Amino acid sequence: MLEHKRQPLAPPGLFLRRLARSSAIAFLVVCLALFVGVFGYHTLEGLSWIDALLNASMILGGMGPVDALRTDAGKIFASIYALFSGLVFMLVAGILFTPILHRFLHRFHLESSERA
C-alpha cells in the first residue's frame, strides 16, 4: 500500500487567502455571465443598456425577466441564457465552497488518521 506524507492543516491566514482567491474567481465568473446577458439583451432585443442589465441580473439571480420579449431571437437567447445561468449558479457555488470543503475533509482525514 502506498503511504503518503501527512501535511498539517493550513494556517488560518493561508485558508483565508484561498477563500479570498475563490471568491474573486467566483465574482469574475458572475461578471462575465452578466456581461453576456447584458450584451445579448441589448443586441437581440434592442433594450437600453440599463434595461438589459436589469433583465440579465434578474435572470442570473433566478428571478426571471422583467421586460416582455418581442423578437424570436430575443426569446431564444433568453431561453439559452436562463439555462446558462443555472449552470453558472452551480459553478459559482462549487468555486466558493471548494476551499471550505477541502479544509473540512483535510481536518477529518487528520483526525481519523490520528485515531488509527
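Biologist: Are Phe 77 and Tyr 81 buried or exposed?
Modeller: This is a predicted model, in which local features need pLDDT of at least 70 and side-chain atom pairs count only at pLDDT 80 or more, while totals for chains, interfaces and linings use all residues. Residues are numbered from 1 along each chain as its sequence is written, and side-chain values use heavy atoms, with hydrogens and water left out. A residue is called buried under 20% relative accessible area, exposed over 50%, and partly exposed in between (1.4 Å probe, protein chains only). On that scale, Phe 77 and Tyr 81 are both buried.

Biologist: Which helix holds Phe 77 and Tyr 81?
Modeller: Helices (H or I, at least four residues) and strands (E, at least two) are DSSP runs, numbered from the N terminus. Phe 77 and Tyr 81 are 4 residues apart, about one turn of the helix, and both belong to α3.

Biologist: How many helices and strands does the protein chain have, and in what pattern?
Modeller: The protein chain has 3 helices and 0 strands. Taken along the sequence, the pattern is α-α-α.

Biologist: How many aromatic pairs does the structure hold?
Modeller: Rings of Phe, Tyr and Trp (its six-membered ring) pair if their centres lie within 6.5 Å; planes under 30 degrees apart count as stacked, over 60 as edge-to-face and the rest as tilted. By that rule, the number of aromatic pairs in the structure is 5.

Biologist: What is the angle between the planes of Phe 35 and Phe 39?
Modeller: This aromatic pair is stacked, and its centres are 6.1 Å apart. The angle between the planes of Phe 35 and Phe 39 is 20°.

Biologist: How far apart are Phe 35 and Phe 39 along helix α1, and what is the exposure of each?
Modeller: Because they are 4 residues apart in helix α1, Phe 35 and Phe 39 are separated by about one helical turn. Phe 35 has 53% relative accessibility, so Phe 35 counts as exposed. Phe 39 has 44%, so Phe 39 counts as partly exposed.

Biologist: What is the centre to centre distance of Phe 77 and Tyr 81?
Modeller: Phe 77 and Tyr 81 are a stacked aromatic pair, with 15° between the planes. Their rings are separated, centre to centre, by 5.6 Å.

Biologist: At what angle do the axes of helix α1 and helix α2 cross?
Modeller: Axes are lines fitted to C-alpha atoms, for helices over the stretch in contact, and angles run from 0 to 180 degrees between N-to-C directions. The axes of helix α1 (residues 12-45) and helix α2 (residues 49-60) come within 8 Å, and the crossing angle is roughly 130°.

Biologist: Why is α1 called oblique to α2?
Modeller: Angles under 35 degrees count as roughly parallel, over 145 as roughly antiparallel, 65 to 115 as roughly perpendicular and the rest as oblique. The crossing is at roughly 130°, which makes α1, relative to α2, oblique.

Biologist: How many nonpolar, polar and charged residues does the contact of α1 with α2 have?
Modeller: Contact means heavy atoms within 4.5 Å. The residues involved include Val 30, Ala 33 and Leu 34 of α1, and Trp 49, Ala 52 and Leu 53 of α2. Ala, Val, Leu, Ile, Met, Phe, Trp, Tyr, Cys and Pro count as nonpolar, Asp, Glu, Lys and Arg as charged, and the others, Gly among them, as polar. The contact of α1 with α2 then has 12 nonpolar, 4 polar and no charged residues.

Biologist: Which residues does Ala 52 touch?
Modeller: Ala 52 is in helix α2 and counts as buried because its relative accessibility is 0%. Leaving out residues up to four places away in sequence, Ala 52 touches Val 38, Tyr 41, His 42 and Leu 47.

Biologist: Which residues is Ser 85 in contact with?
Modeller: Ser 85 sits in helix α3 (residues 72-115) and is buried, with a relative accessible area of 4%. Apart from neighbours within four places in sequence, its contacts are Ile 59 and Leu 60.

Biologist: What separates the C-alpha atoms of Val 29 and Leu 91 in space?
Modeller: Val 29 belongs to helix α1 and touches Val 88, Leu 91, Val 92 and Ile 95, not counting residues up to four places away in sequence. Val 29 and Leu 91 are 62 residues apart in sequence, and their C-alpha separation is 8.6 Å.

Biologist: What separates the C-alpha atoms of Gly 46 and Thr 71?
Modeller: Gly 46 is in the loop between α1 and α2 and is exposed, at a relative accessible area of 54%. Gly 46 and Thr 71 are 25 residues apart along the chain, and their C-alpha atoms are separated by 9.4 Å.
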